[in-house]
Amino acid sequence: MASKLLQFQSKAFEASKFVAKNGSAYYKQLLEQNKQYIQEPPTVEKCNELSKQLFYTRLASIPGRTESFWKELDYVRNLRKNRQELKVENAGIAALFGLECFAWFCAGEIVGRGFTFTGYYV
């Protein structure tokens, strides 16, 4: 256990050295590339205004998203009715998608348990 801790400390030290050396240049480059998105002046009022714009824009997009959800659901219902026309490729893609969703669910459960496979810490 002590050797793992020493390895982790050395890797963390190397990473912090790299960030200290290159972080400032990367930060400046990132800001320069995305300067069209920066609001001037950067005040609390401007941040509050932008957060309200984002919230209400997302709120306004709910009807469009629900409409597309119902269209997708109707498509799936139609596929279920016409099972004879279902191709093997489409069934395989659907199975892989379901497997991917299950894998993400399992990964989320593991993260939620504090990265343990056996159970929750009590």
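Modeller: One definition first: a residue is buried under 20% relative accessible area, exposed over 50%, and partly exposed in between. Keep in mind that the structure above is a predicted model.

Biologist: Thanks! Let me try that on a residue. Is Asp74 exposed or partly exposed?

Modeller: Asp74 has a relative accessibility of 42%, so it counts as partly exposed. Its salt-bridge partner, Arg77, is partly exposed as well, at 41%.

Biologist: How far apart are the closest N and O atoms of Arg77 and Asp74?

Modeller: Those atoms are 3.6 Å apart in the salt bridge. Look at the sequence positions too: Arg77 and Asp74 are about one helical turn apart, because three residues separate them in helix H3.

Biologist: How many salt bridges does a search of the whole structure find?

Modeller: The search finds five. Another one of them joins the side chains of Lys46 and Glu49, at 3.9 Å from N to O. The cut-off for a salt bridge is 4 Å, so this pair at 3.9 Å is counted. Lys46 and Glu49 lie in helix H2, residues 44–60, and they too are three residues apart, about one turn of the helix.

Biologist: And how accessible are Lys46 and Glu49?

Modeller: Lys46 has 23% relative accessibility, so it is partly exposed. Glu49 is also partly exposed, at 38%. For another case, take Lys35 and Glu32, whose closest N and O atoms are 3.0 Å apart.

Biologist: On to the rings, then. How is a pair of aromatic rings described?

Modeller: Two values do the work: the distance of the centres and the angle of the planes. In this model, a search of the whole structure gives three aromatic pairs. One of them is Phe55 with Tyr56, 4.9 Å from centre to centre and with 80 degrees between the planes. Planes over 60 degrees apart count as edge-to-face, so that is the label for Phe55 and Tyr56. Tyr56 is exposed, at 52%, and Phe55 is partly exposed, at 48%.

Biologist: What are the distance and angle for Phe69 and Trp70?

Modeller: The ring centres of Phe69 and Trp70 are 5.1 Å apart, with 70 degrees between the planes, which is again edge-to-face. Phe69 is partly exposed, with a relative accessible area of 48%, and Trp70 is partly exposed at 47%.

Biologist: Last topic: pockets. How does one see where empty space is left?

Modeller: The idea is to roll a probe the size of a water molecule over the atoms. For this structure, the largest pocket has a volume of about 230 Å³.

Biologist: Which residues line the largest pocket?

Modeller: The lining consists of Tyr75, Val76, Leu79, Arg80, Leu86, Asn90, Ala91, Ile93, Ala94 and Phe97. By class, eight are nonpolar, one is polar and one is charged.

Biologist: Which helix gives the most to that lining?

Modeller: H4 does, with five residues. Helix H3 (62–81) and helix H4 (88–112) each supply at least two lining residues.

Definitions and conventions: Residues numbered from 1 in each chain as written. Heavy atoms only, no water. 1 Å grid on protein atoms, 1.4 Å probe; cavity = no way out; pocket = protein on both sides within 12 Å on 5 of 7 lines; lining within 4 Å. Points joined across faces, edges and corners; volume = space filled by probe spheres on them. Helix = DSSP H or I, 4+ residues; strand = E, 2+ residues; numbered from the N terminus. Nonpolar A, V, L, I, M, F, W, Y, C, P; charged D, E, K, R; others polar. Phe/Tyr/Trp six-rings, centres within 6.5 Å; stacked < 30°, edge-to-face > 60°. Buried < 20%, exposed > 50% of the residue type's maximum accessible area, 1.4 Å probe, protein only.
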